Amino acid sequence: MRVLVVGSGGVGSAFVAIAATRQAFAHVTIADLDLGRAEAAVANAGEASAGGRIVAAMLDASSREAVAALAKEMQADVILNACDPRFNPPIFFGAFEAGCNYVDMAMNLSTPHATDPYNRTGIRLGDGQFAEHPTWKNRGMMALVGMGVEPGFSDVAARYAADELFSKIDEIGVRDGADLVVDGYDFAPTFSIWTTIEECLNPPVVYERERGWFTTEPFSEPELFTFPEGIGEIQCVNVEHEEVILIPRWIDCERVTFKYGLGDEFIDVLKTLHMLDLDSTKQVSVKGVKVSPRDVVAAALPDPATLGDKMTGRTCAGTWVKGFGKDGEPREVYVYHVVDNAWTMREFGHQAVVWQTAVMPAVAIELMATGQWTGVGIVGPEALPPKPFLDLLDEYGSEWEWAEYRDRRPVDD
């Protein structure tokens, strides 16, 4: 499989480090507007870069024509979009123009409802991509959307639970938590602050069979969820996320939610940014220079990719499912994936959050290469068979698990 990775930030660079260890990736091009950053990702891949199997290129991801041209030049079979979702449209359409399959880890951005944002959806996450389904299907091409860790692994976990563990599902709730600590910083997000602001301050989306998709206030419905393997109890709140859009399209269930374990301090910072309008993407003039307040915030904070040697702890991504088991009895489980930062730094030189995000599209693209994951049109991870994915994820060195739960706590607690 020949892959063009667009974006050499933390996740793109981690993907290259992972792909360098797998023979399924015959050739990888990592491209960025900053050629030096892409070249650094190649250098970090070690021996795999020596024979020209992994190369760097310069690319303006805002140009669909440039994306298509580079994909054709590199004879790419698939384009992996490792940029923030602002760049989805040109990369998505560039892949189509080049005749490449497409994979992203976050879907097209939403737009809140103009007059009733905390009750009704406006333009939902991914609406623009799903509108192109007939075009991609007619061409016989696949756009695998939302294939990171969340969304991505969480959707595969939901599919696995539906297929293997439940006869009827009442609720699917993606729950994300961690006990990570970054030494030396009072506030240092471990993932892109630009994306974090976008999803945390937009109106969260909830799905219910009787109501369809609707929205609530940011940070609504707080609950205490106990994460496994000693991470412990964390308060989780509603956040806008792709799983709520994707899961009901392919899995029969009554309700879908997504909740982050953000913590009071993190929520207070986000609320302050919003109060000061520092979450805005509209440019303002500062001493004659046009800048976006959100870009300034991102620039003022440390790059998450550089925090690995200062981080300790683990991150947990997973999907909590409640309903009735195969025997017809009430059941509650959590299907999850825990990654320790010390392990990812030792084995790959990348911090846990970006590595966990990057490994999931690596597994998915390898399954595409071997023909175990196929499809046409706009496809979510839950539309594809979960067992090949989960078996291969174990081979990558970081195993997934599931546990019986009761009242959002592991039974063995």
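1. In which loop does proline 151 lie? This is a predicted model, and in it proline 151 is placed in the loop between strand E6 (142-144) and helix H7 (153-165). The peptide bond that leads from glutamate 150 to proline 151 is cis, its omega being near 0 degrees. Most peptide bonds are trans, and most residues other than glycine have a negative phi.

2. A further backbone point concerns phenylalanine 219, which has a positive phi of about 65 degrees although it is not a glycine. Phenylalanine 219 belongs to the loop between strand E10 (212-215) and strand E11 (223-227).

3. The crossing of H7 past H9 is right-handed. On the H7 side the contact is made by Ser154, Asp155, Ala158 and Arg159, and on the H9 side by Glu243, Leu246, Ile247 and Trp250. By class, the residues of this contact between H7 and H9 divide into four nonpolar, one polar and three charged.

4. For H8 and helix H10 (residues 264-275), the axes come within 11 Å and cross at roughly 85 degrees, and the two helices are therefore roughly perpendicular to each other. Thr196, Ile197, Cys200 and Leu201 of H8 make the contact with Phe266, Leu270, Leu273 and His274 of H10. The contact of H8 with H10 has six nonpolar residues and two polar ones, with no charged residues.

5. Helix H13 (residues 352-369) and helix H14 (residues 386-395) pack with their axes 10 Å apart and at an angle of about 120 degrees, so H13 and H14 are oblique to each other. The crossing of H13 and H14 is right-handed. From H13, the residues Val359, Met360, Val363, Ala364, Glu366 and Leu367 meet Pro388, Phe389, Leu392 and Leu393 in H14. In this contact of H13 with H14 there are nine nonpolar residues, no polar residues and one charged residue.

6. Which helix gives the most to the lining of the second largest pocket? That helix is H8 (residues 193-201), with three residues. The second largest pocket has a volume of about 250 Å³, and the residues that line it are Ile197, Glu198, Leu201, Asn202, His274, Asp277, Asp279, Ser280, Thr281, Lys282 and Arg294. Ile197, Leu201 and His274 are among these lining residues, and they are also among the residues of the contact between H8 and H10. By class, the lining of the second largest pocket has two nonpolar, four polar and five charged residues.

7. How many cavities of 30 Å³ or more does a search of the whole structure find? The search finds one, and the largest cavity has a volume of about 90 Å³. Of the 15 residues that line the largest cavity, Thr121, Gly122, Val205, Thr215 and Glu240 are the closest to its centre. The lining of the largest cavity comprises six nonpolar, six polar and three charged residues.

Methods
Residues numbered from 1 in each chain as written. Predicted model: local features only at pLDDT ≥ 70, side-chain atom pairs only at ≥ 80, totals over all residues. Heavy atoms only, no water. Axes fitted to C-alpha atoms, helices over the stretch in contact; angles between N-to-C directions. Helix = DSSP H or I, 4+ residues; strand = E, 2+ residues; numbered from the N terminus. Parallel < 35°, antiparallel > 145°, perpendicular 65-115°, else oblique. Left-handed = near helix turned anticlockwise from the far one by under 90°. Contact = heavy atoms within 4.5 Å. Nonpolar A, V, L, I, M, F, W, Y, C, P; charged D, E, K, R; others polar. 1 Å grid on protein atoms, 1.4 Å probe; cavity = no way out; pocket = protein on both sides within 12 Å on 5 of 7 lines; lining within 4 Å. Points joined across faces, edges and corners; volume = space filled by probe spheres on them.
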